[in-house]
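Let me put the structure up, and then I'll walk you through a few places in it.

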Amino acid sequence: RDITDRKHAETERNWWVEAVSNADWGIAIANPEGGLLKIYNHAFARLHGYDMDGLTGKSLQDLLPRDVRNDLLPHLRRAAKQSQYSYESAHLRKDGTTFPVQVNMTVVKDPDGAPSSAVINILDITARKRMENRIKADLREKQTLLKEIHHRVKNNMQVISSLLNLQSAGIEDP
């Protein structure tokens, strides 16, 4: 019996498993209704401070700070409606610290068109947020400096105007 097609499919599957397992992005597949984690890669577990067994039985809501947990279901609904959806959020590590993430969701549908799984990709954007905050602070500083320069130029122009008025008061030639 010729099993070439099966071997090819196994090779391709192994390639995809290897690619997902070694990806820098945290990748998880979850239930699209409640976000119960089905499978996830090493990066996903590591980003949240867990080993590979530590996330067993957890849902996406367990990995979110309390103040953003209520946003998860609307995000899942939007992803199901659009098939793909991206947003920024915060996630929770095992030690209780939060970190900002870029989340990309792709909903996989069954043959009937009903959502069967949500593929969630997360990327820790702490460095990006730090740089954004630094750029915003630099911008505020530059705006303050520009206001100060404007103020000084205005004062200097007023001094020059006053000196010219004083000088013109002493001149009798029209």
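A bit of housekeeping first. This is a predicted model, where local features need pLDDT of at least 70 and side-chain atom pairs count only at pLDDT 80 or more, while totals for chains, interfaces and linings use all residues. Residues are numbered from 1 along each chain as its sequence is written, and side-chain values use heavy atoms, with hydrogens and water left out.

So, the pocket. On a 1 Å grid over the protein atoms alone, a pocket is an open set of points with protein on both sides within 12 Å along at least five of seven lines; a cavity is a set where a 1.4 Å probe fits but cannot get out, and lining residues have an atom within 4 Å of a point. For volumes, grid points are joined across faces, edges and corners, and we take the space filled by probe spheres set on the points.

The largest pocket comes out at about 220 Å³. Which elements each supply at least two residues of its lining? Those are helix H1 (4-21), strand S1 (26-30) and strand S2 (37-40). Helices (H or I, at least four residues) and strands (E, at least two) are DSSP runs, by the way, numbered from the N terminus. H1 gives the largest share, four residues. Among the lining residues are Trp-16, Val-20, Ile-29 and Tyr-40. By class, that lining has eight nonpolar, two polar and no charged residues. Here Ala, Val, Leu, Ile, Met, Phe, Trp, Tyr, Cys and Pro count as nonpolar, Asp, Glu, Lys and Arg as charged, and the others, Gly among them, as polar.

Tyr-40 turns up again in a ring pair. The structure holds two aromatic pairs. In one of them, the ring centres of Tyr-40 and Phe-44 are 6.3 Å apart with planes at 35 degrees, so we call the pair tilted. The rule is that rings of Phe, Tyr and Trp (its six-membered ring) pair if their centres lie within 6.5 Å; planes under 30 degrees apart are stacked, over 60 edge-to-face, and the rest tilted. Tyr-40 and Phe-44 are both buried, where buried means under 20% relative accessible area, exposed over 50%, and partly exposed in between (1.4 Å probe, protein chains only).

Now the cavity. How many cavities of 30 Å³ or more does a search of the whole structure find? One, and the largest cavity holds about 30 Å³ of space.

Glu-88 counts as partly exposed because its relative accessibility is 40%. Its side chain makes a polar contact of 3.4 Å with the side chain of Arg-128, and another of 2.8 Å with that of Lys-129. A polar contact is a pair of N or O atoms within 3.5 Å; within protein, one must be able to donate a hydrogen and the other to accept it, and residues adjacent in sequence count only if both atoms are side-chain atoms.

In the loop between helix H4 (72-82) and S3 sits Ser-83. Its phi is near 70 degrees, a positive value in a residue other than glycine. Most residues other than glycine have a negative phi.

Over to strand S5 (residues 115-124), which holds Ser-117. Is Ser-117 buried or exposed? Buried, because its relative accessibility is 12%. The Ser-117 side chain makes a polar contact of 2.9 Å with the side chain of Lys-38. Setting aside residues up to four places away in sequence, Asn-121 touches Trp-25, Gly-26, Ile-27, Gln-102, Val-103 and Asn-104, with contact meaning heavy atoms within 4.5 Å.

Last stop: Asp-62, in the loop between helix H2 (42-47) and helix H3 (66-69). A polar atom of the Asp-62 side chain lies 3.0 Å from the backbone nitrogen of Ser-59. Beyond four places in sequence, Asp-62 touches Arg-69 and Leu-92.
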